[in-house]
Amino acid sequence: MAKNTICLWFDHDAEDAAHFYAATFPDSSVGAVIPAPGDYPDGKAGDTIVVEFVVAGVSCIGLNGGPHFKHSEAFSFQIATDDQAETDRYWNAIVSNGGQESDCGWCKDKWGVSWQITPRVLTEALATGGDTARRAFGAMMSMKKIDVAIIEAAILG
């Protein structure tokens with residue numbers, strides 16, 4: 001396990017989430033699946049309590065802690081994409097697997113974890129500043145999933 005690891009709290013389905021992430025994003029995998037050594041408030045001995053996994057190169061653990069805490073947009077994974085096909089692939093995988101769309105390139109998976117599926121062309125335009133950034137930002141504000149062609153048109157003016 002990495003020295004610094006993100007811990008995501010799940011109700012009872014951390015292992016399902018980890019396998020979905022590993023199947024969806026490159027440089028992702030599922031590691032140790034750790035059973036509880038004894039009964040605990042929201043589970044029994046032998047139930048999976050911790051799952052080690054990697055999402056796009058980021059070390060994580062999923063803790064099956066029960067329904068006490070929910071995910072929020074205060075934490076999200078941001079996935080940089082190179083083109084519309086890659087943007088569509090990740091967005092559609094999350095949304096079509098019980099997730100939901102949000103605004104400006106954000107969506108949530110069925111476990112409530114937030115994702116920003118962000119084409120690099122948008123990030124680069126925003127970093128440029130000035131009129132280019134304003135036009136790209138304005139175009140983005142009207143979108144759910146980011147449309148690369150519209151962002152590129154906005155950049156050109």
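Which residue in S7 is the bridge partner of Gln100? The partner is Lys108. The points below place this pair in its setting; the model under discussion is a predicted one.

1. Overall make-up. The protein contains five helices and eight strands. Read from the N terminus, the order of elements is β-α-β-β-β-β-α-β-β-β-α-α-α. The C-alpha trace spans about 60 × 25 × 25 Å along its principal axes.

2. The sheet of S1 to S4. Four strands form an open sheet in the order S1-S4-S3-S2, and the pairing is mixed. The edge positions are taken by strand S1 (6-10) and strand S2 (29-35); each has a single partner strand, so one side of each lacks a neighbour in the sheet. On average, neighbouring strands of this sheet are turned by 20° against each other when direction is ignored.

3. Pairing of S2 with S3. S2 and strand S3 (residues 48-55) run antiparallel and are joined by five bridges. Val30 has Phe53 in S3 as its bridge partner. In general terms, the strands of a sheet pair through backbone hydrogen bonds, in either a parallel or an antiparallel manner.

4. Helix H1 on this sheet. Helix H1 (residues 14-24) lies across S1, S2, S3 and strand S4 (58-64). The direction of H1 makes an angle of about 15° with S3.

5. Aromatic pairs. What is the count of aromatic pairs? The count comes to 10. One of these pairs is formed by Tyr21 and Phe53: the ring centres are 5.9 Å apart and the planes stand at 45°, so the pair is classed as tilted. Tyr21 belongs to helix H1 and Phe53 to strand S3, and the pair links distant parts of the chain, 32 residues apart. Phe53 is also the residue that bridges to Val30.

6. The sheet of S5 to S8. A further open sheet of four strands has the order S5-S8-S7-S6, again with mixed pairing. Strand S5 (76-81) and strand S6 (100-101) are the edge strands, and each pairs on one side only. S6 and strand S7 (residues 106-108) are antiparallel and are joined by two bridges.

7. Packing of H3 with H4. The axes of helix H3 (residues 120-128) and H4 come within 6 Å and cross at roughly 135°. This angle makes H3 oblique to H4. The crossing of H3 past H4 is left-handed. On the H3 side, the contact is made by Leu122, Ala125, Leu126 and Thr128; these meet Gly130, Thr132, Ala133, Ala136, Phe137 and Met140 in H4. By class, this contact holds seven nonpolar, three polar and no charged residues.

8. Packing of H4 with H5. Are helix H4 (residues 130-141) and helix H5 (residues 148-156) roughly parallel or roughly antiparallel? They pack at an angle of about 150°, with their axes 8 Å apart. Because angles over 145 degrees count as roughly antiparallel, H4 is roughly antiparallel to H5. H4 passes H5 in a right-handed crossing. Thr132, Arg135, Ala136, Ala139 and Met140 in H4 are in contact with Ile150, Ile151, Ala154, Ile155 and Leu156 in H5. Eight nonpolar residues, one polar and one charged residue make up this contact.

9. Packing of H3 with H5. The angle between H3 and H5 is about 25°, and their axes are 9 Å apart. The two helices are therefore roughly parallel to each other. H3 passes H5 in a left-handed crossing. Val121, Leu122 and Ala125 in H3 meet Val148, Ile151, Glu152 and Ile155 in H5. The contact of H3 with H5 has six nonpolar, no polar and one charged residues.

Key: Residues numbered from 1 in each chain as written. Predicted model: local features only at pLDDT ≥ 70, side-chain atom pairs only at ≥ 80, totals over all residues. Heavy atoms only, no water. Axes fitted to C-alpha atoms, helices over the stretch in contact; angles between N-to-C directions. Parallel < 35°, antiparallel > 145°, perpendicular 65-115°, else oblique. Left-handed = near helix turned anticlockwise from the far one by under 90°. Contact = heavy atoms within 4.5 Å. Nonpolar A, V, L, I, M, F, W, Y, C, P; charged D, E, K, R; others polar. Pairing = 2+ DSSP bridges. Phe/Tyr/Trp six-rings, centres within 6.5 Å; stacked < 30°, edge-to-face > 60°.
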